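Dear colleague,

I am passing on the structure that we spoke about, and my notes on it follow below. Please read them beside the model.

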Amino acid sequence: MYDEHYGLTGRPFQLTPDPKFWFETATHRKAMAYLGYGLAQGEGFIVITGDIGAGKTTLVGHLMDTIDHQQLNAIKLVSTAIEADDLLRIVATELHVDPSGLSKAELLTAIERGLHAVARTGKRTLLIVDEAQALPVDALEELRMLSNFQAGGHALLQIVLLGQPEFRDRLHGSDRLEQLRQRVIAIHHLDPMEEHEVSEYLAHRLTVVGWTGNPDFTEDAFAAFFTGSAGVPRRLNQLAGRVMLHAAIDDLKIIDGATVRAVQRDLEGDLPMIANDKGKGAPAFAATVSTPTPLAEPLRTDPAIEDRIAELEARVELQDKALRRVLTLLVDWVESDDAKPEYAPIRGVAAWHDAA
């Protein structure tokens, strides 16, 4: 709706990742540098982590657009807690190997043959695994074993693992992943964008779809966008999309900080959510779980009751995390649009400067 109102060729703040909207913040620039270094090595693992909505998938989309496909055979998998054997079968299928009826030993042999077949075409195989934090340890170990396949002293397979912050913690803290950890040649964590990058980010995405300065934005609007999103790209897209819709309904020519803050309050009121943990790795709008007010003096209980209380508290914490994740996915689904519009070529930043 707002795209038509303001004469845009598409929606600049859709939640579905689209490499056409790639914007290189400082942290994404570093990530690309680490990826470039790692790919130049041609072996081992490259690990990229980031909070939900930090731009990992967009980063991979940009990487896929920039790599030389004459040199690399890129395979991208999205992990959904895939067990080790299923993971091997998926990799085999992507290498055009039929895994039906094969034992594990036969499957590994078939995968190695598939990697050799790719190598004979003059290419290396790059396996990109998204949502790596969902993989069980056994599946990660199978990936490590696949990374051992060589031909003529050169690795046949290189692997990029993308995951949320807990994957990095798990990688560093698990004794069972020591061998994989030793094969990591580059690792980077995607941080939220800095406050000064927000205006350039918004201007870039708007310019991609033909924005010419209507609506315009005040300086305090950018500060409000940063405060409301904590610099996380997906949160910023969600907030900016709602602000643009609000502006179109009210036929605003200028968006100021008060407008952004009003929309932010409406967003927080739409669902029983809170936003007081922005920047700490939690979703933008997290489910509220009430915490009992502590007693002035703790009650004395026997150890069995204390253990039961600790168990219940741990269960509540797990349910809280699960509910937060579900609500975040629900918001993403509501905001997403499977039918992507066609986008006009990027005009550059001149339009932003002219509008300012």
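**What was found**

Helix α10 passes helix α11 in a right-handed crossing, where right-handed means that the near helix is turned clockwise from the far one by less than a right angle, and left-handed that it is turned anticlockwise. Please bear in mind that this is a predicted model, in which local features need pLDDT of at least 70 and side-chain atom pairs count only at pLDDT 80 or more, while totals for chains, interfaces and linings use all residues. Residues are numbered from 1 along each chain as its sequence is written, and side-chain values use heavy atoms, with hydrogens and water left out.

The axes of α10 (residues 219-229) and α11 (residues 233-249) come within 9 Å and cross at roughly 130 degrees, and the two helices are therefore oblique to each other. Helices here are DSSP runs (H or I, at least four residues), numbered from the N terminus; axes are lines fitted to C-alpha atoms over the stretch in contact, with angles from 0 to 180 degrees between N-to-C directions; and oblique covers whatever is left once angles under 35 degrees (roughly parallel), over 145 (roughly antiparallel) and 65 to 115 (roughly perpendicular) are set aside. Helices α2 (residues 26-41) and α3 (residues 56-66) also cross in a right-handed way, with axes that come within 11 Å at roughly 50 degrees, and this pair is oblique too.

Helix α9 (residues 198-208) is largely enclosed by the rest of the structure, because ten of its eleven residues are buried (under 20% relative accessible area, with exposed over 50% and partly exposed in between, for a 1.4 Å probe and protein chains only). Among the buried residues of α9 are Tyr-201, His-204 and Arg-205, and just after this helix Gly-210 takes a positive phi of about 90 degrees.

The structure holds six salt bridges, each a side-chain nitrogen of Lys or Arg within 4 Å of a carboxyl oxygen of Asp or Glu. In one of them the side chains of Lys-104 and Glu-142 meet at 2.3 Å, N to O; Lys-104 lies in α5 (residues 104-119) and Glu-142 in α6 (residues 137-146), so the pair ties together parts that are 38 residues apart in sequence. Lys-104 is partly exposed at 41% relative accessible area, whereas Glu-142 is buried at 9%. Glu-24 and Arg-29 form another salt bridge, at 3.3 Å from N to O, with Glu-24 partly exposed at 33% relative accessibility and Arg-29 partly exposed at 44%.

With best wishes
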